Structure formats: structure tokens, C-alpha cells
Amino acid sequence: MKVIDVISYVDKVCHNSLDGQVKIKMLERLDRQIARDVFDTHEGSPEYDLREYTESTELLVPDDFSELYFFYLESKIWLLLNQIARYQNMAVIYDTAYTAFVSDYNRTHKPKHPVSALRFA
């Protein structure tokens with residue numbers, strides 16, 4: 001899925017006048033977080049290049065979990081529009097989708113630096 005696909009969908013369901021570049025930056029911030037917190041900490045992670053992030057950039061999360069991008073962008077738009085109740089609802093839905101993705105990734109990919117056993121004195 002590409003950045004433009006998420007923006008187009010969210011613009012249909014969440015009418016707003018935010019500039020497209022602002023939305024691209026929001027999605028870039030999320031992809032950078034996912035790269036740092038999820039992919040960079042596990043072996044066998046996909047190759048990615050976030051140096052040039054545009055509307056034609058392929059998103060990092062696989063299609064099975066890509067709905068988290070819709071929820072994330074919509075929640076951020078509601079927040080900027082000061083629609084706090086809608087923001088809170090979408091933030092909870094996004095958090096659930098993000099947690100499902102991270103949990104699946106943790107189950108299916110070995111960490112780069114496994115945690116050694118805890119030792120209690």
C-alpha cells in the first residue's frame with residue numbers, strides 16, 4: 001500500500017482541509033517509529049529506505065495490518081481539528097491495531113538482542 005492510498009481513503013471518510021504534505025509528514029513519522037521500534041530490533045526485517053518519503057512511497061507495514069495507517073491518520077486529523085471525542089475514539093482503535101501488528105511481529109521474528117534471563121539476588 002502506498003502513502004497516497006491512505007490519504008485518499010482518509011480524505012473520503014474524514015473531510016478536512018489539511019495540506020497533503022502535512023498528512024505525508026504524519027505518515028512518515030509513523031513509519032519512522034515503526035522502523036526504529038519494530039523492524040530495527042528484530043532479525044529478518046524487511047529492507048526499507050525512508051530518505052525520500054513521498055505520496056508514492058510504499059508503506060512499511062504489510063497489508064494484513066495496514067489499516068493502522070488509516071486509524072492513525074484519521075486520529076491525527078481529528079486532533080488538529082479539535083474534535084477531541086473523535087480523536088480519542090480513533091486513537092483507541094489505532095492503538096489496538098498497532099498493538100496487534102507489533103504482537104504479531106514479535107511472535108514471528110527473532111529479536112536481534114534477546115533479553116538474558118533475569119537474576120534475582
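**Where does His42 lie?** His42 sits in the loop between H2 and H3. Helices (H or I, at least four residues) are DSSP runs, as are strands (E, at least two), and both are numbered from the N terminus. His42 is buried, with a relative accessible area of 8%. Buried means under 20% relative accessible area, exposed means over 50%, and partly exposed is in between (1.4 Å probe, protein chains only). Leaving out residues up to four places away in sequence, His42 touches Tyr105, Asn106, His109, Lys110, Pro111 and Lys112. Contact means heavy atoms within 4.5 Å.

**About the model.** This is a predicted model, in which local features need pLDDT of at least 70 and side-chain atom pairs count only at pLDDT 80 or more, while totals for chains, interfaces and linings use all residues. Residues are numbered from 1 along each chain as its sequence is written, and side-chain values use heavy atoms, with hydrogens and water left out.

**The largest nonpolar core holds 34 residues.** A nonpolar core is a set of buried Ala, Val, Leu, Ile, Met, Phe, Trp, Tyr and Cys residues joined through side-chain atoms within 4.5 Å. Leu27, Ile34, Leu68, Tyr69 and Phe101 touch the most other members. Helices H1 (3-13), H2 (20-37), H3 (67-80) and H4 (84-108) each supply at least two residues of this core. H3 gives the largest share, eight residues. In soluble globular proteins, nonpolar side chains tend to be buried together.

**Tyr69 and its contacts.** Set aside the neighbours within four places in sequence. Tyr69 is then in contact with Val6, Leu27, Leu30, Asp31, Ile34, Leu59, Leu60 and Val61.

**Helix H4 packs its buried residues against H2 and H3.** H4 has 25 residues. From first C-alpha to last, H4 reaches 36 Å, close to the 36 Å expected at 1.5 Å a residue. The expected span is 1.5 Å times one less than the number of residues. Met90, Tyr94, Ala97, Tyr98, Phe101, Val102 and Tyr105 are the buried residues of H4.

**Helix H2 packs its buried residues against H1, H3 and H4.** Among the buried residues of H2 are Lys23, Leu27, Glu28, Asp31 and Ile34. The 18 residues of H2 should span 26 Å, and the end C-alpha atoms are 26 Å apart, which agrees. At the start of H2, a side-chain oxygen of Asp19 comes within 3.0 Å of the backbone nitrogen of Gln21.

**A salt bridge joins Lys23 and Asp11.** A salt bridge is a side-chain nitrogen of Lys or Arg within 4 Å of a carboxyl oxygen of Asp or Glu. By this rule the count comes to seven. In the Lys23 and Asp11 pair, N to O is 2.6 Å. Lys23 lies in helix H2 and Asp11 in helix H1, so the pair ties together parts that are twelve residues apart in sequence. Lys23 is buried, at 3% relative accessible area. Asp11 is partly exposed, at 27%.

**Glu28 pairs with Arg32 in a salt bridge.** The closest N and O atoms are 2.9 Å apart. Both residues lie in helix H2, four residues apart, about one turn of the helix. Glu28 is buried, at 11% relative accessible area. Arg32 counts as partly exposed, at 37%.

**Asp49 and Arg51 meet in a salt bridge.** Here N to O is 2.9 Å. Asp49 is partly exposed, at 45% relative accessible area. Arg51 counts as exposed, at 71%. Elsewhere, salt bridges that share partners join Lys25, Glu28 and Arg32 into one network.

Technical notes:
Polar contact = N/O pair within 3.5 Å; in protein donor to acceptor, adjacent residues only side chain to side chain.
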